[in-house]
Amino acid sequence: MASINGWEKGGIFTWVKGTLGERTGWSAMFFQWIHITVGMDTMMYVIIEALSITFDTPWFNTTLIVRFGLMMLILWATTAIQVIGIRRIGRIAEWLFILGIALPVILIIISFFVYVAQGQPLHMQINWSTVFPHNLNGNTLVAFVLFMLAFCGGEASAPHVKNVHTHE
């Protein structure tokens, strides 16, 4: 929607208002604000807890002033990184994707095939009923949240869609 002339500025409000009306645009903007407000704090808590476990420093997470200081450090560091610019951040994001997502996934897949090739037993059954849940309850919905969060924030780069150059 950001590629439509006149819609490139204004963000999610403009896009949703242009397609579904002004009331829905305000709702979308409110939900995005709630997501950022609650989601950013939640993600910072997860990062601080992970650092606390990694470095065996429980006081990172239990001392209020330390936790607040780390939250401010994370918040201002991400803000400073954005000041660097889209092009540099894009290169950093490519490397982080390779190192943090692609490489571990490839290693896990290779490890699985090596494990199976060694004749090790599979501790799960893969069939139609185990791949797709047939009853939606709290457990399956909690697992679904991770997939939802994976796509959150995709609209943040949408305003730059007209600046994308394709390589042929």
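1. Contact here means heavy atoms within 4.5 Å. Leaving aside neighbours within four places in sequence, F60 is in contact with I48, L51, S52, F55, V66, R67 and L70.

2. This is a predicted model: local features need pLDDT of at least 70, side-chain atom pairs count only at pLDDT 80 or more, and totals for chains, interfaces and linings use all residues. Residues are numbered from 1 along each chain as its sequence is written, and side-chain values use heavy atoms, with hydrogens and water left out.

3. M44, I48, F60, L70, M71 and I74 make up the largest nonpolar core. Such a core is a set of buried Ala, Val, Leu, Ile, Met, Phe, Trp, Tyr and Cys residues joined through side-chain atoms within 4.5 Å. Buried is under 20% relative accessible area, exposed over 50%, partly exposed in between (1.4 Å probe, protein chains only). Helix 4 (64-84) and helix 2 (22-54) each supply at least two of the core residues. Helices are DSSP runs (H or I, at least four residues), numbered from the N terminus.

4. In helix 4, R67, L70, M71 and I74 are buried. They sit on the same side of helix 4, because they cover an arc of only 105° around the axis, taken from the directions from the helix axis to the C-beta atoms. Their cover includes helix 2 and helix 3 (59-62). The face turned away from the buried side carries exposed I65, L73, W76 and V83.

5. F113 is exposed, with a relative accessible area of 53%. F112 is partly exposed, at 35%.
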